[in-house]
Amino acid sequence: MLEREREAMIRSISRKIEQMAKEQGFTDFKWMKPRDVVTGNWVRMKCKFGCDGYGKGGCCPPEVPSVAECRDFFDEYKVGLLFHCAVKFADPELRRRWSRATEKKAVALERQVFLADYPKAFVFPPGGPCRICASCSASRRECKNPYAARPSLEVFAVDVYATARRMHYPIHVLKRYGEEMNRFGLLLVE
Ligand code: SF4
């Protein structure tokens with residue numbers, strides 16, 4: 001697709017989808033080309049080594065596609081909405097509740113966009129690993145809520161730091177619990 005065709009497509013769909021995003025509480029967003037999403041093997045290695053959630057989530061490695069498959073998946077799309085949430089929690093339980101609520105809103109947005117005749121709509125919620133259930137089955141096949149479960153960007157090997165900076169959003173490594181987090185989600189549209 002030529003650049004001007006892509007821009008015309010974004011213009012035609014953007015207002016409608018932006019309104020849907022706002023209705024779900026996502027007010028800070030930018031349109032992007034999914035091919036500009038940066039992926040890296042190092043992200044998957046961080047999941048595998050150094051994360052205590054490895055193997056414990058039905059939307060986390062190893063229950064997810066390979067890094068190469070994730071890259072191919074992003075490249076199948078021409079347009080996506082990157083959304084940013086700046087949040088701060090002193091209490092891990094409050095963070096968990098926010099993640100769960102945000103995941104539900106992101107999935108509701110995906111459904112609205114799907115029903116607006118964008119069958120490829122797929123969302124990566126900004127709240128981190130799937131937290132829909134109090135206790136995760138740790139398995140895709142035995143997922144307790146398969147219609148609502150979605151992976152985070154990190155799970156799909158996205159270098160969120162590089163992607164956010166490419167889109168001129170702030171992000172940095174946090175040093176203490178309770179610092180403001182810059183969380184990112186992505187709605188792949190078409
Ligand atoms: S919906 Fe529940 S069981 Fe499925 S991945 Fe999410 S937390 Fe795990």
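## Model and conventions

The structure is a predicted model; local features need pLDDT of at least 70, side-chain atom pairs count only at pLDDT 80 or more, and totals for chains, interfaces and linings use all residues. Residues are numbered from 1 along each chain as its sequence is written.

Helices (H or I, at least four residues) and strands (E, at least two) are DSSP runs, numbered from the N terminus. A residue is buried if 20 or more other C-beta atoms lie within 10 Å of its own, exposed if 12 or fewer, and partly exposed in between, with C-beta atoms placed from the backbone.

## Strand pairing

Two strands pair if DSSP finds at least two bridges between them. β1 covers residues 29–32 and runs antiparallel to β2, with four bridges joining them. Trp 31 has Leu 81 of β2 as its bridge partner.

β2 is also antiparallel to β4, through eight bridges. Here Phe 83 stands opposite Gly 185 of β4, and His 84 stands opposite Phe 184. β4 pairs with β3 as well, again in the antiparallel sense, over three bridges. Val 123 has Leu 187 of β4 as its bridge partner. Six of the eight residues of β4 are buried, so this strand is largely enclosed by the rest of the structure.

## The largest nonpolar core

A nonpolar core is a set of buried Ala, Val, Leu, Ile, Met, Phe, Trp, Tyr and Cys residues joined through C-beta atoms within 7 Å. The largest one has 38 residues, and Ala 21, Leu 81, Leu 109, Leu 187 and Val 189 touch the most other members. Two or more residues come from each of α1 (3–23), α2 (41–48), α3 (67–75), β2 (80–87), α4 (92–115), β3 (122–124), α5 (160–166) and β4 (181–188). β4 gives the most, with four residues. In soluble globular proteins, nonpolar side chains tend to be buried together.

Contact means C-beta atoms, placed from the backbone, within 7 Å. Not counting residues up to four places away in sequence, Leu 187 touches Gly 80, Leu 81, Leu 109, Glu 110, Val 113, Ala 121 and Val 123.

Just after the helix, Gly 50 takes a positive phi of about 110°.

## The ligand shell

A residue is near a molecule if its C-beta atom, placed from the backbone, lies within 6 Å of it. There are 13 residues around the ligand, and Gly 58, Cys 130, Cys 133, Cys 136 and Cys 143 come nearest. The shell divides into eight nonpolar, four polar and one charged. Ala, Val, Leu, Ile, Met, Phe, Trp, Tyr, Cys and Pro count as nonpolar, Asp, Glu, Lys and Arg as charged, and the others, Gly among them, as polar.

## Loops and backbone features

Most residues other than glycine have a negative phi, and most peptide bonds are trans. Pro 61 and Pro 62 are joined by a cis peptide bond, with omega about 10°. Pro 62 sits in the loop between α2 and α3. Asp 117, not a glycine, has a positive phi of about 85°. Its place is the loop between α4 and β3, and Asp 117 is exposed, with 9 other C-beta atoms within 10 Å. Ala 157 also has a positive phi, of about 65°. This residue lies in the loop between β3 and α5 and is buried, with 27 other C-beta atoms within 10 Å.

Tyr 54 is found in the loop between α2 and α3. Tyr 54 is partly exposed, with 14 other C-beta atoms within 10 Å. Leaving aside neighbours within four places in sequence, Tyr 54 is in contact with Cys 47, Lys 48, Cys 60 and Pro 61. Leu 174 lies in the loop between α5 and β4. With 11 C-beta neighbours inside 10 Å, Leu 174 counts as exposed.

Technical notes: Two residues are in contact if their C-beta atoms, placed from the backbone, lie within 7 Å.
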